[in-house]
Amino acid sequence: MGHMLGDTVMDILVRSHRMRGDATVWVPGLDHAGLATQVEVRRRLAKQGVRFEELPREEALHEIAEWKEEHERRIREQTRAGGFTVDWGRYRYTMDPESTRATREAFVRLHADGLIYRGERMVNWDPRLKTAISDLEVVHTEEEGELYYLRYPWADGSPGGLEVATVRPETIFGDVAVAVHPSDDRYRPFLGREVVVPLTDRRVPVIEDAAIDPAFGAGALKVTPRHDTVDHEIFLRHPSLPMPPDILDDSGHLTSDWVPAAYRGLDRDEARTRTLKDLADSGLLLRREPYRHSVARSERSETVIEPRLSTQWFVRMRSLATPVADAVRRGEIRIHPARWEREFDRWLEGIQDWCISRQVLWGHRIPVYHCRVCHREIAAVEPPMVCDQCRSPDLEEDPDVLDTWFTSWLWPFLTLGWPERTADLEHYYPTNVLVTGRDIMFFWVARMMMAGYYFRNARPFSDVYFTGMIRDEQGRRMSKHLGNSPDPLDVIHERGADAMRFSLVFPSPADEDGPFGASALDGGRNFLTKVWNLVRFTLSFVPAGTPPPTGPPTRSAEGTLVNRWILSRYRHAAEEVDRALGEYRITAAATTLYDFLWHDLADRYVEIAKEALSGRRGEPAQREARETLLFVVERSLRLLHPFVPHVTEELWHALPHPDTLLALAPWPRVDEAPSDPVAEVEMEPVLETIRLLRNLRSEEKVPLEANPKAWVRPTGSEAARVLRAERATIVRLVRLGSLDFLADQEEVPPRTGRRVAVFGECFLERPVASGATAEALGREREKLVALLEKTRARLADPGFHDRAPHDVVRETEEKATELAERVRRIDEHLKEDSASGGTPP
Ligand SMILES: [Zn+2]
């Protein structure tokens, strides 16, 4: 569903620009998602009882290729079903031959410029998937664990020893020192002495380092340089310490000479149990304490990450990041919504080198060849036959593959033909807009910008739009894991592509984390039904042979107020849609169209104009109303088209239309329809009077078939003039018996309900309560009073004020006020009725 949201936003932008006559190109594509894909295939095979790691290389690759085919087909099917106007002729895949070539080319250029290096660095090692993964693929969570206090005995045999706290006792075999803080007086006398690593006979020195937190545990820390980032940094500051061997192999099992034979081959969990037992038996485990701490887990396999010193390929990021940070600060690349700019900037500030090698099968091989004779390292687009230094043919291809993002970050120019100088590349690069989820802001978006400036010396796009993360109706993130993300094809099959598209951008903002589900889809469908009915209604007044509207009708001298009003409302809606789309406020544009079409056009205008449309006000009035309606409906369908292309295309063809597709019809010019502030101001009292009198009708329980009398006391002559002019409309829409105007001092008729507005006061005749009605009112009053007392009691409870959220308290207060008002109105009603001879309750 996240892809559907992104695609919907992109399609809205692309379709609206295409209608404006802009040259649009939307390149569809797929990435091979190296590690993610391999994890999924591994999982699927495990269900069939097959271990991925045990498959021969060719068979494993075949399984992955098959999985990719299935999913590619499905993704393409979803894109088609959603009605997204991508350019299928330009479809690209990160492992097609051109992408492979471009990926190798990019590697070789960066390597030649010294921006790619191979080095031993601490990496996040996933022992289950047996690969390094990037910092971005690591999830940190607070977890309950234990802190173990161990005694490291003095090497000279004196009693006691140093107390060292650790959460990972199984790594003691990789220790090279015990470190304390230089200003920690407790330990100063011991500096330079030696202790024995428990369960071994290896001696290590007591050293000082400022990285030690004296408040953690007992203030002394074991130093295990190959398996902890901080320890590795301490190690680098103390050149006299020996580099230990790797004591954990790539699957997390204890290994090497430094590990006593009894523990070799145990996995890290077994090793912990075993060392703790032996430490306890030998009196070296002093105590254990519950300890809540941050644990790093692999996003893909959920296993605990093993920090590990390992030889990997890296991209130097600092110099690549600088032009990007500048471009965003200068506004050369704009981020929407702008609130993400700060986080983006902060990440660039603290950027680390990018580990691009992966120890997986699925991906582009690193284009580096090692000479077995002279040990030269050759990076080359085409595999070399011989070493370019010693001419030996004995070359070995690097066994690792590249991170998938190493291809994806080239996407904006790779898809246009780079490294060839194609016409597409010249014409479309730099591109305009990238739409994506903010979860890949750093994986992808930031890196595309870096690649753009580095390889093309120009921004890859001028605007980035981040969609929100879709949640389910209970507010949970949608995920494969929870199984709460519906298949878009099912949603489209059940609800239609347009209902899905509209509900993804309305009413929850497309750029916020909003809920998606049945109620949003119902809302989308109801809106489309409303539009459908509006067009059918319009069609019933359009005689055969009516030409397509070329503009708004020319107005007669005394053009009807409501026609002037709807044209002006349309003008403002069109302006706001233009402005909102231009500012990447997608949901604001959808909301404007929703409100205009539903409330102004379908509800207010159509109801008022019905009389004129039916011909009961004469031929000129009928023609003006018909032309106004046809124009506004036809143009509104154009504005709505990018959001819901299927239903609008269908409806547009039912109306008089030019010989083309709506998708290719011109976008409406906003200045076509006149802005008419006078008409808008004049319509206000009319619409308000209708609304207030209708509310009074329902509150006073006026029977449906009754036509009560009503009065208005306008404030000022302007309101009076307009209301008198539109009296017939008000009478018809509220189904009144009569509507009269009261002068300033004129007495209000008895037994009336009253409402006050800016333009004056409205009064509506109340029905005389019959015995039965009075009884019903009495019963309703009892119920309301009970509810009111309960609500007031709740508000009087100090505990409620303290604990309940602010909104809930406010809502409860509003409810109490409203209940009191309803009780008061019933009392008034009953009193007036009994005074005028009605039956008392
Ligand atoms: Zn060589």
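Asp600 and Arg604 both sit in helix α17, which spans residues 586-613. They are four residues apart, about one turn of the helix. Their side chains meet in a salt bridge, 2.8 Å from N to O. The model is predicted. A search of the whole structure finds 86 salt bridges.

- Is Asp600 buried or exposed? Asp600 has a relative accessible area of 5%, so it is buried.
- Arg604 has a relative accessibility of 36%, so this residue counts as partly exposed.

**Helix α6: Arg274 and Asp278**

- Helix α6 covers residues 268-281 and holds both Arg274 and Asp278.
- The two residues are four apart, about one turn of the helix.
- Arg274 forms a salt bridge with Asp278, and their closest N and O atoms are 3.6 Å apart.
- Why does Asp278 count as buried? Its relative accessibility is 18%, and the cut-off for buried is under 20%.
- Arg274 counts as partly exposed because its relative accessibility is 34%.

**Helix α25: Arg810 and Glu814**

- Arg810 and Glu814 both lie in helix α25, residues 806-835.
- They too are four residues apart, about one turn of the helix.
- A salt bridge links Arg810 to Glu814, with 3.6 Å between the closest N and O atoms.
- Arg810 has a relative accessible area of 39%, so it is partly exposed.
- Glu814 is also partly exposed, because its relative accessible area is 46%.

**A salt-bridge network**

- Which residues are linked in a network of salt bridges? The members are Arg168, Glu170, Arg268, Arg272 and Glu306.

**An open sheet of four strands**

- What is the order of the strands in this open sheet? The order is β8-β9-β7-β10, and the pairing is mixed.
- The edge strands are β8 (194-196) and β10 (220-223), each of which pairs on one side only.
- From one strand to the next, the twist averages 35 degrees.
- Strands of a sheet pair through backbone hydrogen bonds, either parallel or antiparallel.
- Strands β8 and β9 run antiparallel, and three bridges join them.
- Strand β9 covers residues 203-208.
- Which residue of β9 is the bridge partner of Glu194? The partner is Pro205.
- Helix α5, residues 229-237, packs on the sheet and touches β9 and β10.
- The direction of helix α5 makes about 85 degrees with that of β10.

**Thr79 in helix α3**

- Where is Thr79? Thr79 is in helix α3, which runs over residues 57-81.
- The side chain of Thr79 reaches the backbone oxygen of Ile75, at 2.8 Å.
- Leaving aside residues up to four places away in sequence, Thr79 touches Asp7, Phe84, Val86 and Trp88.

How values were computed:
Residues numbered from 1 in each chain as written. Predicted model: local features only at pLDDT ≥ 70, side-chain atom pairs only at ≥ 80, totals over all residues. Heavy atoms only, no water. Polar contact = N/O pair within 3.5 Å; in protein donor to acceptor, adjacent residues only side chain to side chain. Contact = heavy atoms within 4.5 Å. Pairing = 2+ DSSP bridges. Axes fitted to C-alpha atoms, helices over the stretch in contact; angles between N-to-C directions. Salt bridge = Lys/Arg side-chain N within 4 Å of Asp/Glu carboxyl O. Buried < 20%, exposed > 50% of the residue type's maximum accessible area, 1.4 Å probe, protein only.
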